[in-house]
Amino acid sequence: MDSDFLIMAGPCAVESREQVLEVAKGVKELGATHLRGGAFKPRTSPNSFQGLGEEGLKYLNEAKKLTGLKIVTELMDMDQYDLFEKYDVDVIQIGSRNMQNFELLKKLAMKGSEKVVLIKRGISATKKEVLGAIEYLEKYGHKGEIMFCERGIRTFANGEYDRFTLDIGFIADLKKDSSFKYRVIVDPSHAAGRKDMVSDLTYAGVVAGADGVIIEVKPTEDYAPKCDADQAITLSNLKEILLRSKNFYKELH
Ligand code: PEP
Ligand code: MN
């Protein structure tokens, strides 16, 4: 059955109403379950585009109403939490840079929300540290599902041919670990950092046992995203990747 396979796709950042609605319609047609898109972006440089903030959440909410897709977007600070409620965000992403922001984890958990939290692996996080982050959410009262996302870690190869090294072995380990009861999502986009490697890394993650994918997409080939431009794939690339991924998933489940 491929019906449980989670397909999260969308832009790195919400940049305009047109961009997000076009991508939302496109990914919905290809069978996505979730629309991803950051409204608050963690950028290395303060001079880079920081996201549209509330306006971005508003467009995501409009896309949700239009397509029925669930919304995945990153929470960077508890100041943003009320807006996540207001715009009916379904999946609260905790980004790599905040996986060990323990005060953020505690305060989010203490809301006792029933929303899903998608926690992304810190760029050098060990298994023990990942389990600790999940435990913070549980111990402090989070009520909704917690999902974990492998998005690549920093190793000696970083930058040589990829942006981060996708840790396929970690996905395999978690899926074989009967005490780990959380769904695992693979993010090939941030690991690859380049669009020509997104397909291979997606297949590898799905074959290793991932329960879903999160992939960055742009509306058209010539669209230039303000954020993570080199890894954004087109809707036609996504179509092929999803067809093959669903087949791999079916074979394994
Ligand atoms: C993102 O999903 O766009 C993102 C910033 O992810 P990460 O926290 O994995 O870098
Ligand atoms: Mn991104």
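This is a predicted model: local features need pLDDT of at least 70, side-chain atom pairs count only at pLDDT 80 or more; totals for chains, interfaces and linings use all residues.
Local features need pLDDT of at least 70 and side-chain atom pairs count only at pLDDT 80 or more, while totals for chains, interfaces and linings use all residues. Residues are numbered from 1 along each chain as written, chains are lettered from A and ligands numbered from 1 in written order, and side-chain values use heavy atoms, without hydrogens or water.

**Stop 1: ligand 1**

Select ligand 1 and the residues near it (a heavy atom within 4 Å). The shell holds 13 residues, and Arg36, Lys41, Ser96, Arg97 and Arg151 are the closest. Seven of the shell residues are charged, four polar and two nonpolar. Here Asp, Glu, Lys and Arg count as charged; Ala, Val, Leu, Ile, Met, Phe, Trp, Tyr, Cys and Pro as nonpolar; the others, Gly among them, as polar.

Now show the polar contacts (N or O pairs within 3.5 Å). Pick Arg151: a side-chain N or O atom is 2.6 Å from an oxygen atom of ligand 1. Move to Lys41, where a polar side-chain atom lies 2.8 Å from a ligand 1 oxygen.

**Stop 2: the largest pocket**

Where does ligand 1 sit? Ligand 1 sits in the largest pocket, meaning that more than half of its atoms lie within 2 Å of the pocket's grid points. A pocket is an open set of points on a 1 Å grid over the protein atoms alone, with protein on both sides within 12 Å along at least five of seven lines; a cavity is a set where a 1.4 Å probe fits but cannot get out; lining residues have an atom within 4 Å of a point.

The largest pocket has a volume of about 340 Å³. Of its 22 lining residues, select Pro42, Arg97, Arg163, His190 and Asp228, which lie nearest its centre. The lining has 11 charged, seven polar and four nonpolar residues.

**Stop 3: the cavities**

There are two cavities of 30 Å³ or more. The largest cavity holds about 50 Å³ of space. Among its 13 lining residues, Pro11, Cys12, Val217, Pro225 and Cys227 lie nearest the centre. This lining is eight nonpolar, four charged and one polar.

Finish at the second largest cavity, about 40 Å³ in volume. Its lining includes Cys12, Arg36, Lys41 and Gln93. Strand β3 (residues 70–74) gives the most to this lining, with three residues.

Conventions:
A polar contact is a pair of N or O atoms within 3.5 Å; within protein, one must be able to donate a hydrogen and the other to accept it, and residues adjacent in sequence count only if both atoms are side-chain atoms. Grid points are joined across faces, edges and corners, and a volume is the space filled by probe spheres set on the points. Helices (H or I, at least four residues) and strands (E, at least two) are DSSP runs, numbered from the N terminus.
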